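Hi everyone, thanks for coming.

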Amino acid sequence: GIPSLSADDKASMLATSGQSHTASANLLEWRSLGAELEARTEPADLGDLPLIVLVQDGAGPEGLSGKELEVWHGLQRDLAARSSRAELRVVAGSGHVIQWDQPQAVADALLDVVRTVHADAMP
C-alpha cells in the first residue's frame with residue numbers, strides 16, 4: 001500500500017504552506033471565490049457518473065461548529081447525491097487533508113472509479 005506521511009513530513013509540508021508562492025496561490029483562490037459565488041448557477045446533475053466523495057471522520061474541518069458544521073456535512077451529502085452512482089465514504093483516521101492522512105484510501109477510491117469506468121466501457 002501507500003505509506004502515510006510521517007509526523008515530520010506533515011510538519012514540513014505545513015511549514016512550507018506559508019511560503020510566498022503557496023500563500024499567493026491561496027490568496028488568488030480566495031479572491032476568486034466571491035466572483036464564483038456571485039456567478040453561481042445550480043450545480044449540474046452528474047447523471048450516472050461514477051463518483052466517490054471522501055470525507056474525514058470526526059467533526060469536520062477544524063474550526064467548524066454548530067450550523068457551519070451542519071452545512072459542511074450537507075454539502076458533502078449534496079455532492080454525492082448529484083450522481084446516481086455516487087458513494088460517500090467516511091475515511092477513518094483522517095482529517096481535512098485526507099490525502100496526507102490516509103493516502104491509501106484516496107488511491108483505493110481512484111482505482112474503484114477507474115475500474116467502474118473500465119467495466120462500463122467493456123462490451
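**A patch, a helix and some salt bridges**

Let's start on the surface: Leu46, Leu49 and Leu79 make up a nonpolar patch there, with about 220 Å² of accessible area together. Keep in mind that this is a predicted model. Leu49 sits in the loop between helix H2 and strand S1, and it counts as partly exposed because its relative accessibility is 43%.

Okay, on to helix H5, residues 103-121. Pro103, Ala107 and Ala109 are buried in H5. Looking down the axis of H5, the buried residues fall within an arc of 160°, so they line one face of the helix. And what covers them? Among the elements doing that are S1, strand S2 and helix H4.

Now the salt bridges; the count is six. In H5, Asp112 pairs with Arg115 at 3.1 Å, N to O, and these two are three residues apart, about one turn of the helix. Asp112 is partly exposed because its relative accessible area is 25%, while Arg115, at 52%, is exposed. Both belong to a salt-bridge network together with Glu87 and Arg89.

Another one joins Arg85 and Asp120, with the closest N and O atoms 2.9 Å apart. That pair links distant parts of the chain, 35 residues apart: Arg85 is in the loop between H3 and S2, and Asp120 is in helix H5.

Last one: Lys67 and Glu70 meet in a salt bridge at 3.8 Å, N to O. They're three residues apart in helix H3, so about one helical turn separates them.

How values were computed. Residues are numbered from 1 along each chain as its sequence is written. This is a predicted model: local features need pLDDT of at least 70, side-chain atom pairs count only at pLDDT 80 or more; totals for chains, interfaces and linings use all residues. Side-chain values use heavy atoms; hydrogens and water are left out. Patches are made of residues with over 30% relative accessible area and no salt bridge: like charges are joined within 9 Å, nonpolar side chains (Val, Leu, Ile, Met, Phe, Trp, Tyr) within 5 Å. Accessible areas come from the Shrake-Rupley method with a 1.4 Å probe; for residues, only the protein chains shown count as cover. A salt bridge is a side-chain nitrogen of Lys or Arg within 4 Å of a carboxyl oxygen of Asp or Glu. Helices (H or I, at least four residues) and strands (E, at least two) are DSSP runs, numbered from the N terminus. Buried means under 20% relative accessible area, exposed over 50%, partly exposed in between (1.4 Å probe, protein chains only). The arc is that of the directions from the helix axis to the C-beta atoms. Contact means heavy atoms within 4.5 Å.
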